[in-house]
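Hi,

Here is the structure I promised to pass along. Please have a look at it first, and then read my notes below.

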Amino acid sequence: MTEESTITIEVDGRALKAAPGAMLIDVCDAAGIHIPRFCYHRKLSLSANCRMCLVEVEKVPRPLPACVTPVNDGMKVTTNSPMAVEAQKGAMEFLLINHPLDCPICDQGGECELQDVALGYGSDASRYAEAKRVVADPDIGPLVATDLTRCIHCTRCVRFGAEIAGIRELGATGRGDHMTIGTYVEHAMGSELAGNVIDLCPVGALTSKPFRFQARAWEMVQRDGIAAHDGVGSNVHYHLRRDQILRVHPKDNEAVNECWLSDRDRFSYQALSAADRLLKPLVKQGGEWRETDWQSALEAAAQGLAQARGDDGNQLGGLLSPSASLEELYLAKKLMRGLGSANLDHRLRQADFRGDPPKVPWLGGPIAELEEQDLVVIIGANPRKDQPLLGHRIRKAAMKGAEVVYFNPLKLDLNYRAAQWVANPRDWVLEVANLAKAAGVRKGVVNKIKVADHHKELFKRLKAADKALVLVGDLAMGHPDYGLLRCLAAQVAEAAGARLGFLTPGANGVGAALLGVTPGEGGLDAQAMLAEPRKGYLLLGIDPGFDLENPAQGLNALMKAECVVALSSFRSPDLETVADVILPLAAAPESAGTFFNIEGTQQGFNGAAPPAGEARPGWKILRVLGNLMNLGGFDFNTPLQVRDEALGMLGDAAPDNGFEPDPALELTLPEAELLRIGELPIYSVDPMVRRAPALQATADAQDAAYLRLNPEDAKRLGFTAGDRITVSQPQARKAVFEARPDPAVPQGAVALCTAIPGSQALAGRFGEVTLEKA
Amino acid sequence: MANEVCLRTLDHDQPWSLEAYRAVGGYEVLKRVLQEKTAPDDIIAEVKKSNLRGRGGAGFPTGVKWGFINRSAPGDRYLVCNSDEGEPGTFKDRDILRYNPHQLIEGMIIAAYTIGAARGYNYIRGEFQEPYERFEAALEEARKEGFLGEDILGSGFDFQLHAHLGAGAYICGEETALLESIEGKKGQPRFKPPFPALFGLYGRPTIINNTESLASIPVILEKGGDWFKDLGVENSGGTKVFSISGNINNPGVFEIPMGTPFKDLLQMAGGMKDGRPIKAVIPGGSSAPVIPGAQMMELTMDYDAIQQAGSMLGSGAVIVLDDTNCMVRVLERMSYFYYEESCGQCTPCREGTGWLYRIVHRIEQGKGRQEDLELLDDITGKIAGRTICALGDAAAGPVQGMLKHFRDEFQYHIDRKRCLVSAGG
Amino acid sequence: MGFKMQPMTVPEPAPGKDQLFTPEIRAEIDRWIAKYPAEWKQSALMAALVAVQDADTDNNPGWLSQKDLDDVAHYLDLPPIAVYEVATFYSMYELKPVGRHKICVCTNVSCMACGSDEIVSHLEGKLGIKLGQTTEDGHYTLKEVECLGACGGAPMFQIGKQYYENLTPDRVDEILDGLE
Ligand SMILES: Cc1cc2nc3c(=O)[nH]c(=O)nc-3n(C[C@H](O)[C@H](O)[C@H](O)COP(=O)(O)O)c2cc1C
Ligand code: SF4
Ligand code: FES
């Protein structure tokens, strides 16, 4: 807003500066003058239907709705004049005539916008003597509970679906008094952002199903935190009663999550009280697990690691979750280095470590700038499900007219128009190579292939685009030719003058890379330290059957090890099979720490709830381990001290996607009749998410359990939907899944997710599979 | 002096045919405009001069409305005709469509030329099968003659005109609800501003006019704005197609000059049925507040006269009621209409129309309470002027009118729990 | 945030449209689609619902089944809820089975003043059903409607697409006798 373009208006006697044409309600909000409203929401289109925001404007004989009244110079507004108040009271009375008086049993009670305004404006006795409207409550899935009799028809939820979530699921059917909000035909909402309607609904018509009837708003305290399930680092409020987190709400941060929260970040808190939560240290003695006290457990861990190490530190390996905090990662690294091991990694689902890695991979720019791109090329990712709020930003760009092009081994279900170039996992790499050739790359695999016109066209547009971005994501990272894909992507971006970005894993992938939670001089990466088994391992925050690229190989290596020490918040059969000591780890909401999100923003948080049982924050556990093993420099009293030392070590290191592309890399994935595509499903990304019952009940989670293959392949193999199929992969055990023909999967490929029950038996995320009817 | 404008083909055989229309000079104005490439501003000036006010109900000057279009802005513009005719008591557009569809088409082509629209739609209410078929047949004829389509009569002007059928919703007569409906959505009005001239169909500048307004255009341009204006009276130019119904001998459609005394219109319509006394008249469609019969007999049929009497000329739909009608019952039926037809988006209208109806219904049933009349006054005050579109006002007006002029009948219902009329009072 | 002006079309057109309805219905819907700008296929929704309702899809003429609504959504590439919203908003769409002859009686003010009460009670008596009901043999449905814009011929009703005006009980008998 430049000085010349500002105008002055007067509201309740106060002079306010405003941009001409701005809506009165926004100008008042900015000045802290509150006007009641129900339908208005700054992120949604204007509907002006609740009629609650009526104010008096000088020289206008009737009250005007502030949400759709543009300001003009010299305008005089009163928000609390008799005319305005009478109008607001009128709207309020109408809203209340059909609203049930069930505040005492309503989950919104105490934080209901209707209740709040009613206290200010409603009259005491209802003059409405007629029967109230009653509306049936449909089941719209495991996340959102409905009490539609309470609905005030503000249509925020409907507009949210159309405009933000990008799927119109809720609608307002019927006319007039008969209008009802719902799905009309009962079905579950499928959006990964569905939970936001809980916040948007000003009354108790749409509430959190998992939270239902658990607590009253005023009984809870609110603490801040950072969501720990993807690189966005959404800012959250935890709501607790008696030290228990009962729900999670978004905390506004325009640059990060705006005012939204993904369902994954909203409902994963349920895992904190999971039945298999690890509450006490466990030590394996004679093949039997025993609960023990911390002292003995830590001693057992220290002794075990020391023994496995012998006098060669490199006999140890460390596999650390990319969602662990900076403090945890720093101390784990310090411990491993102290023990003389260079074998350390956080890239646990990455399959290929050939070539020079990017220095510190990251998004390549601010999150908010995603929505300003003109062209986005996405290689091997599904941001809509991988990082839902990044997906949301990309959708915003697309809705503003950006072109979005996907190169993936299978077709995605998107909520905006985008081009999807789909090919089986091997041809997919060649597709990307084609684009690289169009970009002028002339070495390696590129030599053997022919560029098609559409590649040339795309490259031209990429080059011409003002703001262009090439993003590389999780599916590419899980590919055995990731090194090659990354190299091609970088060359394309470079040639086009586009930005390159990586959709890094976990909540702190950038932090882990900054810290160098990667192999040191001569050290082994995540693959290598399992391919060449070590004698001892340190596992931090992972479940080896679910969080490794090749669980069969990983479990095998861990089985053979002399000592495996795991820091984990949960018990798990795989962990209990391979580990020797399991130390109960506080989950992210239970400890203080720091994350660097995908755009490189450092976000610190405090423990919102005390750790469950005897669980302890990772930094404390690692501190004692370091001291027990007589490694110097582990005397920390607070997480802040750890953080300061870690940040000190980072110095001014910054995210940097630069690396030296190696043109000589070859395509290694062999041709095969059927190649696996091992997607990482949205609700499988980490141990917490996998233990949130509400998330596991969603269609997204349930659909991930199927073995999906192209209908043509299914026909050829004689499989029909529902058949039980035995899957074999070289060097893996067999596992059985239910078949589902799906045209989204190209011929010659089998979509079989990683990190789902049953997948622990399998090997790598991509590669040959054979199928037979079970 | 009847049937000079919109219904000027009525004397002819098959008045809806191209032949009949040609016989009254049809499409000549269009030819002249296109040949001479008349400046759009001149057309607008002529329409302004004619004092033609929108015949859909609001009475907004048509020429002024057309002037709101910025013809130099790039991109599509649309012309839309409102043949939704849902206002109870109104049945004039049906006759224009049935008996003179070509004149509407000519008027629309000229309007489209004036505002620079390449596409137009005529929104016809879904129940109007016969009028719709007549209109479609006329469109086909006009296309064959080269009056529609590309490069009309070699002028370089393109205009595609289509019918869009409604499906039963009074609210779609409201212009922005109608636009939403053409877009394939629920007919829920948009708030204004921005007005359709800026942000209309598909978000593009759009002019929307009533059937009668558009059908008047060819005659205005043929005979001149002054001629049309002089047919009527001050502030009410031209003739008006009145629909008159109720307890009269010869209900129907009469195109007569503005300012004609009501009693003349009543006489044309054959006078009161069975010679009964005239009790009340709703002069402009059911949304217009009622006027007692005696007072009405003194009024002329034009915007100012009816407005001064506390009502409105609206769509020119005159409902005449004799002394056998119970006004509580009449209001109950009207309130039910608004309750059923509220689109549901605005709180005061969605909740208030139902509340009004339930109270009036209760009074009609003999279950009224002493405070009900006060309550009705109060609720109407909280609906009128507080909604996105004028349906809120339309629902409130009849209640206010009835309570003003026939309060005693309502009071009687409350006090005696029965009807004053059937009690012979 | 300003206004929204985008068609609700789903991002990805679904295949298999040639399996829906009959060639005649598809041609009728396509005729309507052609009237509107290419990206506004949604504009043809109302006409598509009429075409499907009128036709004898799945042996259910006169009304729209759930499948009909979903098929229309599929055909026009709309999210189903966009179709449900429209189908439940307009009163001419029937979402439950109706009789072969749907008799829509206007009872609004002009018709009421001219005796629609009598017409309604005559019909109710003759057919043995109340307003809003369908005869057991599925021949007739009686429906109360708002003003149909034919007050000059009050009282009136509509059967199918046809208006009948200036009704008297005798006229009603005659008209009903004339229907098959
Ligand atoms: C509830 C409501 C119903 C309306 N119904 C009609 C109608 O059926 N026909 C019509 O022409 N105008 C109707 N109008 C008026 C239109 O909104 C609009 O003013 C008119 O079509 C403009 O055309 P005109 O300027 O030529 O009159 C209605 C308005 C409201 C508020
Ligand atoms: S359910 Fe809630 S958000 Fe949706 S329209 Fe009703 S009150 Fe508004
Ligand atoms: S907030 Fe302005 S009308 Fe709802």
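**The B–C interface**

Between them, chain B and chain C bury about 4,100 Å², and carbon and sulfur atoms make up 60% of that area. Please keep in mind that this is a predicted model.

Chain B brings 59 residues to the contact, and chain C brings 42 residues. Five salt bridges turn up across the interface of chain B and chain C. One of them joins the side chains of Lys186(B) and Glu85(C), at 4.0 Å from N to O.

Which elements of chain B give two or more residues to the side that touches chain C? They are the strands E2 (119-124), E3 (160-165), E5 (239-246) and E11 (317-322), along with the helices H7 (129-144), H8 (175-182) and H14 (327-341). H14(B) gives the most, with eight residues. By residue type, the side of chain B that touches chain C splits into 26 nonpolar, 19 polar and 14 charged.

**A residue inside chain B**

I also looked at Leu214(B), which sits in helix H9 (residues 211-223) of chain B. Is Leu214(B) buried or exposed? Its relative accessible area is 0%, so Leu214(B) is buried. Beyond its neighbours within four places in sequence, Leu214(B) is in contact with Trp66(B), Val80(B), Cys81(B), Gln103(B), Leu104(B), Gly107(B), Met108(B), Ala111(B) and Asn209(B). Of these, Gly107(B) lies 107 residues from Leu214(B) along the chain, yet their C-alpha atoms are 5.1 Å apart.

Best wishes

Terms used. Residues numbered from 1 in each chain as written. Chains lettered and ligands numbered in written order. Predicted model: local features only at pLDDT ≥ 70, side-chain atom pairs only at ≥ 80, totals over all residues. Heavy atoms only, no water. Helix = DSSP H or I, 4+ residues; strand = E, 2+ residues; numbered from the N terminus. Buried < 20%, exposed > 50% of the residue type's maximum accessible area, 1.4 Å probe, protein only. Contact = heavy atoms within 4.5 Å. Buried area = accessible area lost by both parts, 1.4 Å probe. Nonpolar A, V, L, I, M, F, W, Y, C, P; charged D, E, K, R; others polar.
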